[in-house]
Amino acid sequence: MNIYLKRSHIYIFVISLFLGTLLLVLERSLGIAWDYHIDAKTYAESSRIISQGIVENHPIKIIGNIYYFFVWRIFNQSILALTVFNLIIYSITNVLIFDFLRIKLNSFFEGRLSSLILMLYIFNPYRLHLATTILKETPITFLLALLFYSAIFSSIILFILICFRMAGGIYALAFLDKN
């Protein structure tokens, strides 16, 4: 990997973090609070109780949408800490997506069109909004992006993805090679 790619990764990360922070400030100033989505409130209020229940009731038997409560517990149910975590994960995910798609898009599109599609995909407004929330979609997208980078650990990543969301396995199927 040459120095240009390393710089581009830093640029994508910093721009992503800046845009996420900017949108976070904008949303909060418009009255869109952290608890706008009902799931956010559930995570904030119930994560300690639910994660304790998982530990006490044989965690291997309970696979599905509830393991994100452990992430909440790691951050001591701090809304600020989890929001910052999501913004950082969003920025790292954008670097992974950039690295993967810039090569793929160049084989289909030329020049500025390829760059435009890449930037629109990376800075997708909905993903950007999700990065400013305390929901699990940003870590799920990160885990999906990791599936492309780690063939050795892909089974472990897929298992973690399914622990966050049962449909995680279905998301991963969408990326299988059709041949």
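Tutor: Let's start with aromatic pairs: rings of Phe, Tyr and Trp (its six-membered ring) pair if their centres lie within 6.5 Å, and planes under 30 degrees apart count as stacked, over 60 as edge-to-face and the rest as tilted. This is a predicted model, where local features need pLDDT of at least 70 and side-chain atom pairs count only at pLDDT 80 or more, while totals for chains, interfaces and linings use all residues. Residues are numbered from 1 along each chain as its sequence is written, and side-chain values use heavy atoms, leaving out hydrogens and water.

Student: How many aromatic pairs does that rule count here?

Tutor: The count is one aromatic pair. F75 and F85 form it, and the pair is tilted, with 5.0 Å from centre to centre and 50° between the planes. F75 sits in the loop between α3 (68-74) and α4 (79-106), while F85 belongs to helix α4, so the pair links distant parts of the chain, ten residues apart.

Student: Where is the largest nonpolar core, and which residues have the most contacts inside it?

Tutor: A nonpolar core is a set of buried Ala, Val, Leu, Ile, Met, Phe, Trp, Tyr and Cys residues joined through side-chain atoms within 4.5 Å. The largest one has 14 residues, and I12, Y90, F98, L118, I122 and F123 have the most contacts inside it. Two or more residues come from each of α1, α4, α5 (111-122) and α6 (125-131). It is α4 that gives the most to this core, six residues. Apart from it lies another core, of eleven residues, including A44, V71, I134 and L135.

Student: What does I12 touch?

Tutor: Contact means heavy atoms within 4.5 Å. If you leave aside its neighbours within four places in sequence, I12 is in contact with N94, V95, F98, M119, I122 and F123. Across the protein, take the contacts with a separation of 6 or more: residues 24 or more positions apart account for 69% of them.

Student: How many salt bridges are there?

Tutor: A salt bridge is a side-chain nitrogen of Lys or Arg within 4 Å of a carboxyl oxygen of Asp or Glu. By that rule there is one salt bridge, where the side chains of R28 and E27 meet at 3.7 Å, N to O. R28 counts as partly exposed at 30% relative accessibility, whereas E27, at 7%, counts as buried.

Student: What about the backbone: what is the phi of N76 and of Q77?

Tutor: Most residues other than glycine have a negative phi. N76 isn't a glycine, yet its phi is positive, about 55°; Q77, also not a glycine, has a positive phi of about 55° too. You'll find N76 in the loop between α3 and α4, and Q77 is in the loop between α3 and α4 as well. N76 is exposed because its relative accessible area is 54%, while Q77, with 22%, is partly exposed.

Definitions and conventions. Helices (H or I, at least four residues) and strands (E, at least two) are DSSP runs, numbered from the N terminus. Buried means under 20% relative accessible area, exposed over 50%, partly exposed in between (1.4 Å probe, protein chains only).
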